Amino acid sequence: MSIKILAIESSCDETSAAILDNEKILSNVISSQYFHKEYGGIVPELASRAHVTTIEKITSEAFRLAGIATHEIELTAASQGPGLIGSLLVGLNFAKGFALSHNIPFEGIDHIESHLYSSFIGKRDVEFPFIALVVSGGHTILFLAESENSSKVLGTTQDDAAGEAFDKVAKMLGLEYPGGPLIDKLAREGNSDYHKFPVSNIKDSPYDFSFSGIKTSVLYYLKKNYPAGLKGKALNDVAASFQKAVVSSLVDKTIKAAKDLNIKRISVSGGVSANSALRESFIKYEREGYTISFPEKIYSTDNAAMIGYTAYLKYRNNPAAIRPAALLEGAYARFRYNN
């Protein structure tokens, strides 16, 4: 049974709209708010205002690229959280307004859940169970995905998310925001064994992460050894050494969970999943019989295609549960994850 979906994503600093025909992505338009660079991070109020001024244009472009009319849409979906409240409300209200005006169903989608499934877009059908690492600027969570409606959190960060650590260390190195891609680029020309930064191991929480320690370690290392600042080859080497420690933590804990639970399928998603060293480190485990799934890089960062794809999975699983928007009292999602 075919269903055409309009999906909206506005949880942080990307405004995105996508059109899907079942699981097929017909269009996926993303507008990134690069002006946050001058502030060194996301300014929530400015982010939500930018969504307001952009969302209609982005959605119109998504329809143009998909080559379909608005009346052909049979389901709308939008991120309902987690994220910046003001930004989320823009996308939610826009999508629900569209659904109400066309008397079609609306589905609120958990943003983290959509990242979890983004690895499968355009590649293979989702097979359960699998271990899922969702790693981004705001989240570092390790899941056991058991079904389309239920996943269990195995571990999460106790302080900074991995992407947040990348951004903060990048600032220490004199790099712009966002820092993750810049550190990745520098690290490719660096010696990852130049200095050994600490990798956290949390007693009684083997699947939990912590990145505040490595961030502090980099700070004191730079103050002691490079008080005047880093430049030249040393910049590449420190970037590579820092990246190695973060990647080691992410990979080791994920593989440990997979081995402990005897699961050979692993999904790695979120903005940090685009990191080249992370991908290379995980792919090595394919030689041991693991199936490693990464999203295409266009689906690594926040985008509406992953929202629409998750909505499709829910519809396919239980179409009767998707109700007309007029019957909804608020946004909701049936995804549940708990410790």
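Helices H4 and H6 are roughly parallel to each other, a label given to angles under 35 degrees, whereas angles over 145 count as roughly antiparallel. The two helices pack at about 10°, with axes 10 Å apart, and their contact joins Lys168, Val169 and Met172 of H4 to Lys215, Val218, Leu219 and Leu222 of H6. Contact here means heavy atoms within 4.5 Å, axes are lines fitted to C-alpha atoms over the stretch in contact, and angles run from 0 to 180 degrees between N-to-C directions. Helices (H or I, at least four residues) and strands (E, at least two) are DSSP runs numbered from the N terminus.

This is a predicted model, in which local features need pLDDT of at least 70 and side-chain atom pairs count only at pLDDT 80 or more, while totals for chains, interfaces and linings use all residues. Residues are numbered from 1 along each chain as its sequence is written, and side-chain values use heavy atoms, with hydrogens and water left out.

| Helix pair | Angle | Axes |
|---|---|---|
| H4 and H6 | about 10° | 10 Å apart |
| H6 and H7 | roughly 160° | come within 11 Å |

The angle between H6 and H7 makes H6 roughly antiparallel to H7. In this pairing Ile214, Val218, Tyr221 and Leu222 of H6 meet Val238, Phe242, Ala245 and Val246 of H7.

H7 itself has 28 residues and reaches 40 Å from its first C-alpha to its last, close to the 40 Å expected at 1.5 Å a residue, where the expected span is 1.5 Å times one less than the number of residues. Because 21 of its 28 residues are buried, H7 is largely enclosed by the rest of the structure; buried means under 20% relative accessible area, computed with a 1.4 Å probe on protein chains only.

The largest nonpolar core has 47 residues, and Leu173, Phe242, Leu250, Ile266, Leu278 and Phe282 are those with the most contacts inside it. Its largest share, 13 residues, comes from H7. Such a core is a set of buried Ala, Val, Leu, Ile, Met, Phe, Trp, Tyr and Cys residues joined through side-chain atoms within 4.5 Å. Leaving aside neighbours within four places in sequence, Ile266 is in contact with residues including Ile131, Ile255, Phe282 and Ile292.

Ser136, in the loop between S6 and S7, counts as buried at 9% relative accessibility. Beyond residues up to four places away in sequence, Ser136 touches Ala161, Ala162, Gly163, Glu164, Gly270, Gly271 and Val272.

Technical notes
Buried means under 20% relative accessible area, exposed over 50%, partly exposed in between (1.4 Å probe, protein chains only). Angles under 35 degrees count as roughly parallel, over 145 as roughly antiparallel, 65 to 115 as roughly perpendicular and the rest as oblique.
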